[in-house]
Amino acid sequence: MNAIDPMNYEKIVFFTGAGMSAESGIPTYRGRGGVWKQYNWEEYACQDAFNDDPRKVLKFHELRRKAVLECEPHAGHHVIARLAKSHSGITVVTQNIDGMHQRAGNRNILELHGSLWRLRCPTHGIFEDIGETYERYRCEQCDAWLRPDIVWFGDSLDPEITRMSVISIAQCDLFVSIGTSGVVWPAAGYPEVARKNGAFCIEINPELNQMSHLYDESIRQTAGNALPLIFPEH
Ligand code: APR
């Protein structure tokens, strides 16, 4: 693994998945101890589950918020935040809903799968709610149940976030994918988008997956170990 000088690249995309937050103590979805091993997503992470029992779904997301608030961003998050401050061509596209990039000081994160820290009323829109428990379960104006502003199974992605992500990825000359299993679409297709533009594509993931062949270099280390080595502070 060689160190990279980010200044040799004009546009860099960091594309992150649950493995990015694993060393902070936030479980991934599919690996050992993964969220979808412990919980059945059909009961907690789809619109039907919410329609059947909104309180149960909101309580589940409160548990996840509590778990995330007990964690801190790690060295890898801080490396990305530092680079974003010194290089104007950096975009972070994440599948994570945990807000850890923001807590490390990153701004303007493209959150493909929404956020644990927002709620949505079907009529009155989206708003931030950042405590351990939700401030309220129902809309103050119309009393509708508020749902987490998260892309659940069966939901569509926000077309504007997707559009901005694809534009950034299609234009980058360095694509760094970190901690994603590459099974959830359309995000799983993003390495191919970067490759088509001739970007140098790096994967940081201790484990091989079905998209690994798309990368020019695969670094079989954890995010917290690899990022400070690849992007050392000068
Ligand atoms: N550093 C880097 N990668 C890691 C680490 C680590 N410390 N620990 C685990 N990984 C890797 C695993 O090897 C795995 O390939 O992170 C990946 C996590 O995969 P998933 O749990 O499937 O997470 P992700 O790819 O982000 O899932 C995509 O699925 O249900 C959803 O909406 C949810 O955004 C999520 C989406």
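The model is predicted, so local features need pLDDT of at least 70 and side-chain atom pairs count only at pLDDT 80 or more, while totals for chains, interfaces and linings use all residues. Residues are numbered from 1 along each chain as its sequence is written, and side-chain values use heavy atoms, with hydrogens and water left out. Helices (H or I, at least four residues) and strands (E, at least two) are DSSP runs, numbered from the N terminus.

- Strand β1 covers residues 12-16, and five of its five residues are buried; buried means under 20% relative accessible area, exposed means over 50%, and partly exposed lies in between, with a 1.4 Å probe and protein chains only.
- I12, F14 and T16 point one way from β1, V13 and F15 point the other way, and all are buried.
- Strand β2 (residues 90-94) pairs with β1 in the parallel sense over five bridges, where pairing requires that DSSP finds at least two bridges between two strands.
- V176 in β7 is the bridge partner of F14.

**The β5-β4-β6 sheet**

- Three strands make an open, antiparallel sheet in the order β5-β4-β6.
- Its edge strands, β5 (125-128) and β6 (147-150), each pair on one side only.
- From one strand to the next, the twist averages 50 degrees; axes are lines fitted to C-alpha atoms, for helices over the stretch in contact, and angles run from 0 to 180 degrees between N-to-C directions.
- Strand β4 (residues 114-121) and β5 pair in the antiparallel sense over four bridges, and one of the bridges joins C121 to G125 in β5.
- Helix α5 (residues 54-69) lies across β4 and β6 and runs at about 145 degrees to β4.

- Is N106 buried or exposed? N106 is buried, with a relative accessible area of 2%.
- N106 sits in the loop between α7 (100-103) and β3 (110-111).
- Leaving aside neighbours within four places in sequence, N106 is in contact with I80, A81, A84, V92 and H101; contact means heavy atoms within 4.5 Å.
- T222, in the loop between β9 (217-219) and α10 (223-230), is partly exposed, with a relative accessible area of 27%.
- The C-alpha atoms of T222 and N205 are separated by 6.0 Å, although the two are 17 residues apart along the chain.
- Not counting residues up to four places away in sequence, T222 touches E23, I204 and P206.
- In α10, the buried residues are A223, G224, A226, L227 and I230.
- The cover over those buried residues of α10 includes β1, α1, α6 (75-86), β7, β8 (200-204) and β9.

**Cavities**

- Two cavities of 30 Å³ or more are present in the structure. On a 1 Å grid over the protein atoms alone, a cavity is a set of points where a 1.4 Å probe fits but cannot get out, and a pocket is an open set with protein on both sides within 12 Å along at least five of seven lines; lining residues have an atom within 4 Å of a point.
- The largest cavity holds about 80 Å³ of space; grid points are joined across faces, edges and corners, and a volume is the space filled by probe spheres set on the points.
- Residues lining the largest cavity include A18, Y29, R64, D98 and L116.
- By class, the lining of the largest cavity has seven nonpolar, two polar and two charged residues; Ala, Val, Leu, Ile, Met, Phe, Trp, Tyr, Cys and Pro count as nonpolar, Asp, Glu, Lys and Arg as charged, and the others, Gly among them, as polar.
- The second largest cavity has a volume of about 50 Å³, and its lining includes F15, S177, E203 and Y215.

**The largest pocket**

- About 1000 Å³ of space lies in the largest pocket.
- Its lining has 45 residues, of which A18, T28, Y29, R30 and S181 lie nearest the centre.
- The lining of the largest pocket divides into 22 nonpolar, 17 polar and six charged residues.
- Helix α1 (19-22) and α5 each supply at least two residues of this lining, and the largest share, three residues, comes from α1.
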